[in-house]
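Try each task before reading its solution.

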Amino acid sequence: MALWVVRAGRHGEREGTALRESCVLVGFHELGDLSSINEREQLRPILEEALPDRSPGAIASYVGQLWTFKARIQVDDLVALPLHGTAAIAFGRVTGVYQYEGAAPPDARHRRPVEWIRDDVPRTAFDQDLLFSLGGASTVFQVRRNDAETRIRAMMSGVSAPSPPATGDDSVEPPEPTVDVAEYGRDQI
């Protein structure tokens, strides 16, 4: 199992839909149904055609995020949804595979069903290292550092989160995504 962050829009514009409809979703209204995509690299030409003004680096980032959303996130994985409207984070458990809802608004068609466990965990409940890990700027990414999944699962079950592991040099871990500086600043206040 894993811990993923899936944001609901740059400004949280899809948060209400995600919480009301028990799902996580990504925008990409320019794209149709991705259900038939079986390999990561199949996404590249689709994105290049749909978003011709985007740089190769942006396309590569979108490929990674969409593939993660569609194929790498698994049923029973934990998902975090940082909420822009409040100083809270919602947590849920993924309950199903990628779905395309053609009747949904264009920016809410690509989704994964989720059972929300908590939608009101204050950011103040987290140690700084967890906030930093949850604060990446990407729309979809996995949180791997500092035993984050175990610590957050403990919090969700009502147990105090264990302290961060004393690992010394964690340079062997893969780098976390770029941090959203504005969100990190709000967490500090």
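The exercises below go from the fold to one helix and then to a pocket.

This is a predicted model, in which local features need pLDDT of at least 70, side-chain atom pairs count only at pLDDT 80 or more, and totals for chains, interfaces and linings use all residues. Residues are numbered from 1 along each chain as its sequence is written, and side-chain values use heavy atoms, leaving out hydrogens and water.

**Exercise 1.** Count the helices and strands of the protein chain, and give their order.

*Solution.* Start with DSSP runs: H or I of at least four residues for helices, E of at least two for strands, numbered from the N terminus. Reading from the N terminus, the order is β-α-β-α-α-β-β-β-β-α-β-α-α.

**Exercise 2.** Check the span of helix α3 (residues 56-72).

*Solution.* The expected span is 1.5 Å times one less than the number of residues.

**Exercise 3.** Find what the buried residues of α3 pack against.

*Solution.* First select buried residues (under 20% relative accessible area, 1.4 Å probe, protein chains only); in α3 they include Ala 58, Tyr 62 and Trp 67. Next, look for contacts (heavy atoms within 4.5 Å). The partners are β1 (3-6), β2 (23-26), α2 (43-50), β6 (110-122) and β7 (140-143).

**Exercise 4.** Which residues lie nearest the centre of the largest pocket?

*Solution.* Of 20 lining residues, Gly 9, Arg 10, Arg 14, Tyr 62 and Thr 139 lie nearest. A pocket here is an open set of points on a 1 Å grid over the protein atoms alone where a 1.4 Å probe fits, with protein on both sides within 12 Å along at least five of seven lines; lining residues have an atom within 4 Å of a point.

Methods: Buried < 20%, exposed > 50% of the residue type's maximum accessible area, 1.4 Å probe, protein only.
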